[in-house]
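Please open the model in your viewer and keep the sequence panel beside it. The stops below can be selected in turn.

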Amino acid sequence: MKSERLLIVAVIAAIVGIMLEHQLVAMGRLAMLLGAAALVAAIVLASLRVAHHAEVLASKVGDPYGTMILTLSAVLVEVVVLAIMMTSEASPTLVRDTIYAAVMLDINGILGLAALLGGLKHGEQPYNDDSARTYSVMILTAMGISMIVPEFVPAAKWHLYSAFTIGAMITLYALFLRMQVGVHSYFFSYSYPKAKVDGGATQDDGDQPVLPSILILIFGIVVIGVLAETMSVLLTSGLKGSGAPPAIAAIVVAAISASPEIMTAMRAALANRMQAVVNIALGASLSTVILTVPVMEAIALYTGQPFLMAMSPVQTVMVAITLIVAAINLNDGQTNAIEGMTHFVLFATFVMLSAIGL
């Protein structure tokens, strides 16, 4: 219990948030935004423990299974939060903006910062370039089908293309998952020299039992979901009519789902385990697109209310630049601080564009 005190604090915050939600809404914008900020802090605390137990599982099962657990858990949180926010706010661009923000955060934010910090500490950091190429082409294909092509689909035919998109995403991910854990599993792993692995904090983690970590990880994801639900109500109500950039809510949702991954990726980079960073950053981006899209498109078909999935011109250009830079940087099996800085500058550009409403 002592080691899980951060998670306990998050649970208490979730309970208090549920109890005080209506009172905070009645007290006005400042109270709602302060409450939302407190719940975001609680989410970070819960994410620290989720990240720790994900690392325990990763050390037991190895890549790519360990990082798959973290990325799929994060996508589950994102889908739940999106579904909750769509039922309460019904913003037609929230799904699109959240997926776009998640890709920017994962590839440019997480991968960029991890490669920058890891490069400053270790110099060039090796990884399996097969994984980077596979992830990149899958992300490009999935985003092209679901978020670029819809710009040209007639409004009267949206339901037909939505059904096609669901089938295409499921087919792509089913085959990808089979390859990732089957005949091509070696694409997503890297054999580090023993001395380098020992530099990380994996020895103690490997001695911990698996079942408690699995249960606590699942419980932590549930707690994050509960916190995010209350936070989304306070944040949406607090930002309404404030003149804040419209993408703020989407960025917060993306950050919530990525918060466990950020901690794990930074630790892996500083421990000179760049393969884990690549699997987390690119795997999270792919999972966000290829799993969130079919779920939300299915909701749209069920409710008869289509979402605006086609990216804006600025978003399309940013995604194109990001994937081109990633294809160039992640083509030689080694990252360095310069490559990390290029991605991090792209992330800063995304933040700046969002701040000015683009």
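Begin by selecting Leu7, Ala10, Val11, Ala13, Ala14, Gly17, Ile18, Glu21, Leu24 and Val25 in H1, which meet Ile216, Phe219, Gly220, Val223, Val226, Leu227, Thr230, Val233 and Leu234 in H9 (contact means heavy atoms within 4.5 Å). By class, this contact of H1 with H9 has 15 nonpolar, three polar and one charged residues, where Ala, Val, Leu, Ile, Met, Phe, Trp, Tyr, Cys and Pro count as nonpolar, Asp, Glu, Lys and Arg as charged, and the others, Gly among them, as polar.

Before moving on, note that this is a predicted model, in which local features need pLDDT of at least 70 and side-chain atom pairs count only at pLDDT 80 or more, while totals for chains, interfaces and linings use all residues. Residues are numbered from 1 along each chain as its sequence is written, and side-chain values use heavy atoms, with hydrogens and water left out.

Now show the whole of H1 (residues 5-27) and H9 (residues 210-239), whose axes lie 9 Å apart and pack at an angle of about 20°; helices here are DSSP runs of H or I with at least four residues, numbered from the N terminus, and axes are lines fitted to C-alpha atoms over the stretch in contact, with angles from 0 to 180 degrees between N-to-C directions. H1 and H9 are therefore roughly parallel to each other (an angle under 35 degrees).

Next, select H4 (residues 94-122) with H12 (residues 313-329), whose axes come within 11 Å and cross at roughly 25°. That makes H4 roughly parallel to H12, and H4 passes H12 in a left-handed crossing. On the H4 side, display Arg96, Asp97, Tyr100, Met104, Ile107 and Asn108, which meet Gln315, Met318, Val319, Thr322 and Leu323 in H12. By class, this contact of H4 with H12 has six nonpolar, three polar and two charged residues.

Finally, go to Asn128, which caps the N-terminal end of H5, with a side-chain oxygen 3.0 Å from the backbone nitrogen of Asp130.

Definitions and conventions. Helix = DSSP H or I, 4+ residues; strand = E, 2+ residues; numbered from the N terminus. Parallel < 35°, antiparallel > 145°, perpendicular 65-115°, else oblique. Left-handed = near helix turned anticlockwise from the far one by under 90°. Polar contact = N/O pair within 3.5 Å; in protein donor to acceptor, adjacent residues only side chain to side chain.
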